[in-house]
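Colleague: I am new to this structure and would like to learn how to read it. Could we go through it one feature at a time?

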Amino acid sequence: MRTIDWNDESDSIMLIDQTLLPAEYKVIECKTLAALCEAIMSLRVRGAPALGAAGGYGMALAARLSSAKDMDGLLKDMQIAARAIKGTRPTAVNLAWGVDRVLHAINDAYDLKGIKNTALSEAKMMADEDVTKNRKMGEFGAKLLEDGDVVLTHCNAGRMACVDWGTALGVIRSAVEDGKQIQVVACETRPLNQGSRITAWELMQDNIPVTLIADSMSGHLMRKGVINKVIVGADRITEDVVFNKIGTYTHSVLAKEHGIPFYVAAPLSTFDLEGWEESVTIELRDENELRFCNGKIMAPKDVKVYNPAFDATPMENITGLITERGIYYPPFLLDELFI
Ligand code: MRU
């Protein structure tokens, strides 16, 4: 199934619980907004484009669940839901984008039923579009990869981070579909191991060769000449930086030092042209994510911890931005992307 989907029979959101991967593949049902918000905060559903879909479906769910008897009441309930959903995670702009797109679409509806139906059809359309956009990104991005390439990626920017196919991993999947032999080096992505738990699992499911490394090993492999290219996804792209999973910046500096192309694959819904590095809140996560690993204590239990979920990579470290409209190279005149 898709990473996240709508269940027409029970009017609920179905999603693959990514916290359990790879040990268990379990689909959970979110019947309430509280369940969806919990799923987002605990990363059962995660990755910028999947969060965009979660935002859209969350608004559809809020509309269905509202018991308001008039339009004003329903719109008020949806505004409350919008604030709750947007408040779950601050960095990936797609989440707010998905919520706002549904809010915008319902402006055209003229009665209660119309609002509820429009909210759901817009959310479904966004999910379908996500798959099409990833395929398009894959088509463009695959041209950058050559037969025999060894590509380093960080975190999970695959089908589990999207509705399907993936951004960075989508590019790799498309290149493999074109008949190219690509090997992937997946960084484990501490502290929550999206690379080892999800990227390695996803690629092995598709029989794409993958080697797992600890995050600190990328420089060693780049220096040895093992890595040809780096492709990562993004959580938010502003005029000056790309926000992505913590550790991305370090790989970008190393890639630049070693003359290795560093690409970012992301749909236009990840771009925030009104923002800049200092205007964006980087999510700080629970300190125990670092003190513990899989329930086992890995540090003195009272040690002071700093646990940002994302970092910012400056544009000068980026070789190209792969989008559903094509590949963009420096100088990145991002306004032109939206013309
Ligand atoms: O905290 P997460 O797992 O939601 O972080 C996800 C990432 O940083 C991904 O690299 C990013 O969302 C790109 S997904 C196509």
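Modeller: We can start with one pair of residues. In strand E13, Phe310 is the bridge partner of Lys245. The model is a predicted one.

Colleague: What sort of pairing joins E9 and E13, and over how many bridges?

Modeller: The general idea comes before the case. Strands of a sheet pair through backbone hydrogen bonds, and the pairing is either parallel or antiparallel. Here E9 and E13 are antiparallel, with five bridges between them.

Colleague: What is the order of strands in the open sheet that holds this pair?

Modeller: The order is E8-E9-E13, three strands with antiparallel pairing. Strand E8 (236–237) and strand E13 (310–314) are at the edges with a single partner strand each, so one side of each has no neighbour in the sheet.

Colleague: Which strands make up the open sheet of seven, and in what order?

Modeller: Read across the sheet, the order is E6-E5-E4-E7-E10-E14-E15, and the pairing is mixed. The edges are strand E6 (210–213) and strand E15 (326–328); each has a single partner strand, so each has one side left without a neighbour in the sheet. From one strand to the next, the twist averages 25°.

Colleague: How do E5 and E6 run, parallel or antiparallel?

Modeller: They run parallel, and four bridges join E6 to strand E5, which covers residues 183–187. For a place to look, find Val184, which stands opposite Val210 in E6.

Colleague: Which helix lies across strands E10, E14 and E15?

Modeller: That is helix H5, residues 112–142. Strand E10 covers 262–265 and strand E14 covers 320–323, and H5 runs at about 140° to E14.

Colleague: Into which domains is the protein divided?

Modeller: There are domain 1 (4–134) and domain 2 (140–338). Their C-alpha centres lie 25 Å apart. The contact between them takes 28 residues from domain 1 and 32 residues from domain 2.

Colleague: Next, the open spaces. What is the volume of the largest pocket, and where does the pocket lie relative to the two domains?

Modeller: Its volume is about 400 Å³. The lining has 18 residues, and those closest to the centre are Pro191, Leu192, Arg197, Cys293 and Asn294. Helix H7 (194–205), helix H10 (288–291) and strand E11 (292–293) are the elements that give two or more residues to this lining. By class, the lining of the largest pocket holds six nonpolar, seven polar and five charged residues. As for its place, domain 1 (4–134) and domain 2 (140–338) both contribute lining residues, so the largest pocket lies between them.

Colleague: Which residues line the second largest pocket?

Modeller: They are Val93, Ala96, Trp97, Lys133, Leu268, Ser269, Phe271, Asp272 and Glu324. The space in this pocket is about 150 Å³. Helix H4 (residues 93–105) gives the largest share of the lining, three residues. Sorted by class, the residues of this lining are five nonpolar, one polar and three charged. The second largest pocket also lies between domain 1 (4–134) and domain 2 (140–338), because both give residues to its lining.

Colleague: How many cavities of 30 Å³ or more does a search of the whole structure find?

Modeller: It finds three. A cavity differs from a pocket in that a 1.4 Å probe fits inside but cannot get out. About 210 Å³ of space lies in the largest cavity. Of its 25 lining residues, Arg46, Gly47, Ala48, Asn156 and Asp235 are the closest to the centre. Helix H2 (48–65) and strand E9 (241–245) each supply at least two lining residues, and H2 has the largest share, with three. The classes are 13 nonpolar, eight polar and four charged. Domain 1 (4–134) and domain 2 (140–338) both give residues to this lining, so the largest cavity lies between them.

Colleague: What is the phi of Trp165, and where does Trp165 lie?

Modeller: Trp165 has a positive phi of about 70°, although it is not a glycine. Trp165 lies in the loop between strand E4 (150–153) and helix H6 (168–177).

Key. Residues are numbered from 1 along each chain as its sequence is written. This is a predicted model: local features need pLDDT of at least 70, side-chain atom pairs count only at pLDDT 80 or more; totals for chains, interfaces and linings use all residues. Side-chain values use heavy atoms; hydrogens and water are left out. Two strands pair if DSSP finds at least two bridges between them. Axes are lines fitted to C-alpha atoms, for helices over the stretch in contact, and angles run from 0 to 180 degrees between N-to-C directions. Contact means heavy atoms within 4.5 Å. On a 1 Å grid over the protein atoms alone, a cavity is a set of points where a 1.4 Å probe fits but cannot get out, and a pocket is an open set with protein on both sides within 12 Å along at least five of seven lines; lining residues have an atom within 4 Å of a point. Grid points are joined across faces, edges and corners, and a volume is the space filled by probe spheres set on the points. Ala, Val, Leu, Ile, Met, Phe, Trp, Tyr, Cys and Pro count as nonpolar, Asp, Glu, Lys and Arg as charged, and the others, Gly among them, as polar. Domain bounds come from an automatic or database domain assignment.
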